[in-house]
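This report is written for a reader who is meeting the structure for the first time. Please look at the sequence and the model before reading on.

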Amino acid sequence: MTVLPTFRQRAAEALADQRLRLAILDATTQRDAKRRAAWRDLPDVQALRLLARQIKDHTLDNLDHYLNQFIDNLRRLGVEIHLASSADDANAAVVAIARQFHCTDAVKAKSMLTEETHLNRALLDAGINVVETDLGEFLLQLDDDRPSHLTCPAVHKDLDACAETFARKLDVPFVADPHALVAIARKTMRDKFRSATLAITGVNCAVAESGTIVLVMNEGNGRFCTLAPRVHVAMMGLEKIVPSLADAAVMLKLLGRSATAQRLTVDTHFITGPRRDGELDGASHMHVVIVDAGRSDILAGTHRHVLRCIRCAACLNICPVYRSVGGHAYGGVYPGPIGKLLTPLLAGAPDAETLPHASTLCGACYEACPVMIDIPQLLIEMRRDQAARRRGPRWKPRLIRWAMWLARSPRRFVLTQRIVRRLLRPRSADEWISRAPPPLAGWTRAQRDLPAPPPKSFRQLWKEGRI
Amino acid sequence: MAHPIHGNRRLLDRVAEATNQRNMAPSPAHDENIIRTPIDEPLIDRFAAEAQAVGMSVSRTTEASLIDAIQSLRRTINDELTLVEPALAAHRPELKTLPRSLTHPDQDQLYAAELGIVGASAGIAETGTIVRDAGPGRPRSFALLPMTIIVVLDASTLLPDLYDALARHRPNQLPSETVLITGPSKSSDIGMKLVTGVHGPGVVHILIVQDA
Amino acid sequence: MQAGLFITCLTDTFYPRVGAAMVAVLRHFGCEVRFPSQQTCCGQPAYNNGLPTDAAPLVEKLARIFQHDRYVVSPSASCNAMIKLHGAELFDPGSESRRLVDILADKLHDFTGFLTDVLDVDLTRCAPALPAQRVTWHYSCHCRGIIPFETAFERIRRLIGSRFVPLPRADQCCGFGGAFAAEFEQISDAMLEDKLSCLRQTGADLLICDEAGCRMNIEGGLHRRKHPLTVVHTAELIAEALGLPLPEIP
């Protein structure tokens with residue numbers, strides 16, 4: 001699937017697709033409403049958010065300590081650890097593990113990190129077949145499509161589109177019935193689970209004090225991945241650590257409620273090492289790949305709070321920009337408000353530098369974030385970074401600087417008001433302008449007129465003694 | 001023997017650099033009043049209500065009536081091939097006498113079974129959750145592969161809150177896996193319509209044994 | 001009772017009638033209003049776009065201009081938010097500028113908040129007669145952080161009474177966002193379309209919108225679509241409902 005080069009082009013393409021817009025608006029407004037209801041169910045959600053934020057900040061402040069503790073526990077449990085400084089290192093580690101076990105078929109549970117590193121591509125290049133087992137991801141894989149939402153990856157495909165894909169790619173009759181499609185997926189997937197040597201998962205939460213990884217899912221595919229194949233590889237970003245099981249409980253109290261309005265997802269599983277003596281299933285070999293890929297840079301910098309993110313997608317569901325354009329417009333692996341930060345900082349995408357500007361800073365995301373990431377403030381920081389490095393759109397800072405200079409003197413300010421009136425009033429009819437001149441032309445290119453400034457400003461009327 | 005660490009230790013150095021000389025925030029104290037959901041009714045009642053709310057069926061029974069309860073549930077799915085968890089059968093040997101049931105299936109039987117009868121390590125009342133620790137005689141697959149599962153839960157193992165469930169074991173004494181099951185397997189990824197029984201069980205029956 | 005009026009650049013330029021209405025209502029409730037003409041802009045466009053050093057001089061200027069007023073009232077929550085939430089960080093703690101900015105932040109109110117919190121006005125008696133059958137209201141997202149949604153909602157409910165029709169997704173951004181409206185006009189348009197669609201659902205004939213930027217955006221969209229819905233600021237609604245004479249505005 002080709003990605004258009006600029007954010008604006010991608011957004012325009014998405015906006016032109018009415019079906020997509022309705023699907024996204026419907027899905028996100030429902031989810032946001034459910035999230036709000038689920039939050040009300042907690043004894044003191046604001047206090048809990050604050051605690052979650054503090055736990056994350058404390059962990060990030062002491063990440064070296066907790067990471068080392070986590071690694072020590074993994075080693076004690078007989079888990080092999082791979083430290084990956086870059087995305088390529090991470091992929092190479094997984095390929096090496098696959099080769100070690102002569103694996104040609106792998107099953108995979110949904111992991112944003114593996115999307116970020118393009119793991120599937122690396123595995124395919126190495127001759128290893130990998131099947132996505134999460135239903136939405138499986139669907140997208142069939143179509144060579146990409147996820148457009150963190151927790152509901154195929155939200156941009158409606159029922160007919162799903163049925164079309166199954167019919168075409170699995171050679172089954174077209175049946176636009178969700179139950180029938182799920183039954184097909186269940187049967188197809190069982191064969192894969194059974195025959196795969198290797199399972200790859202992500203990690204929602206990694207507990208330092210016990211060496212436990214936590215996976216959070218609904219379909220059963222995660223549990224299948226970790227019980228059937230011989231080898232389990234868990235790939236995690238280094239920021240996923242929490243100090244204790246009790247801290248994990250706090251995160252879990254917020255995660256389900258924020259993501260899918262579930263108090264707990266159907267399957268929440270805690271894996272502490274490979275299978276033990278006398279157990280009949282579970283992976284016999286377990287590997288954890290700990291990935292940096294830009295995270296330590298963020299940790300060292302001013303944007304470190306983005307590392308609190310627990311990938312719940314509450315910010316996507318409430319964001320009016322995301323609601324309009326959907327996930328693909330962002331061009332990368334992480335969409336939505338958090339994606340405007342994670343994409344330029346981590347995963348990258350064509351025209352990532354535009355992303356921090358494509359926001360009204362409305363702050364809805366901040367209100368919805370279970371770990372209180374102040375996304376609007378971080379967007380302002382990114383704009384500041386860009387301005388300092390002279391990157392990003394150049395006309396905007398120039399124009400704004402000039403406008404602020406004009407405003408520093410009341411005389412210049414008043415003169416500017418007069419000039420603006422002189423420029424705009426002649427173009428107006430009945431106090432409205434239907435075609436604004438640059439740099440305001442975009443205003444009226446939308447379905448929107450610009451009000452003409454009245455003949456006298458407030459300050460003029462006051463000066464004339466009329467008020 | 002401790003296993004090796006592969007890859008470049010530069011990752012750990014980078015993290016150490018990035019966290020160096022930072023104002024260390026204190027380890028946040030946990031105020032349980034904001035973490036735990038208050039429960040002002042018997043745990044068994046809350047558990048039953050929550051488990052039903054997420055789509056599992058819940059019945060209360062006694063030790064003496066357990067086998068009858070299981071048999072009548074089995075009849076609703078025509079006595080199909082059944083897996084019985086060995087650890088559960090060890091305590092309740094009459095389970096081994098159920099027709100068409102296996103405690104040690106081969107792979108084909110494992111994948112063909114329509115029903116799994118398993119035990120639970122605990123239950124969480126707040127969310128209607130079944131807690132299963134893995135271990136010898138408690139295969140993970142018996143609670144996942146069949147389309148229908150029956151979970152035998154001792155009422156005495158009910159806990160109020162998730163917070164309690166994660167405090168059951170010491171950090172260095174955890175089982176290889178603990179699963180918290182809160183409902184049948186489901187997805188609404190296809191056309192935003194909810195469907196159960198995706199990769200895991202679509203039907204979950206919980207039998208709470210009150211006098212175990 | 002005395003207050004300085006911080007008119008804000010958009011209201012000054014585009015909605016002088018709002019300013020006139022504010023003054024009329026404040027005077028009606030016994031508050032003397034001073035308008036210092038040296039004021040210009042709060043610097044928000046610079047701050048929001050990563051140019052804090054260009055915002056700082058303007059914030060400081062405002063702090064100096066209003067330093068002797070007992071209170072300061074503005075029609076706009078977003079300019080207030082700039083001062084209250086971001087003003088202090090632009091100056092060194094302990095500096096004279098910082099001291100003045102902290103003072104301003106502390107005594108700066110939005111119009112309706114000033115009526116309720118300082119003048120103790122009973123909003124339920126401010127609009128004895130309404131010029132409309134169904135009145136709705138848009139919550140400007142830049143109120144976030146200084147006026148919680150529930151507080152603002154309650155104020156409007158008390159003001160309008162039984163004719164109030166809540167707007168679906170009242171707290172969803174309308175798509176203005178300053179430069180955003182012209183810079184990303186297609187997305188802005190889509191967001192505006194959703195807002196207008198929610199407005200249509202209310203069947204309202206009057207919309208209260210206190211934020212000048214939002215109002216330019218929403219009214220502009222209504223006008224282009226020839227959708228007859230009158231938009232007013234709370235001050236205009238109260239002035240008219242109380243029968244306060246307003247100057248002839250050319």
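In this predicted model, strand 1 (residues 80-84) of chain A pairs with strand 1 of chain B, the two running in the parallel sense over three bridges. Within that pairing, His82(A) is found opposite His6(B), a residue of strand 1 of chain B.

The contact between these two chains takes 67 residues from chain B and 88 residues from chain A. On the side of chain B that touches chain A, the elements that give two or more residues are strand 1 (5-7), helix 1 (10-19), helix 2 (32-35), helix 7 (162-165), strand 10 (177-181) and strand 11 (186-187) of chain B. Helix 1 of chain B supplies the largest share of this side, with nine residues.

Chain C is divided by its domain assignment into domain 1 (2-117) and domain 2 (123-241), and the centres of the two domains, taken over C-alpha atoms, are 22 Å apart. Their contact involves 27 residues of domain 1 of chain C and 21 residues of domain 2 of chain C. Among the elements that give two or more residues to the domain 1 side are helix 2 (16-28) and helix 5 (77-87) of chain C.

The table sets out two of these sides by residue class.

Technical notes. Residues numbered from 1 in each chain as written. Chains lettered and ligands numbered in written order. Predicted model: local features only at pLDDT ≥ 70, side-chain atom pairs only at ≥ 80, totals over all residues. Domains from an automatic or database assignment. Contact = placed C-beta atoms within 7 Å. Helix = DSSP H or I, 4+ residues; strand = E, 2+ residues; numbered from the N terminus. Pairing = 2+ DSSP bridges.
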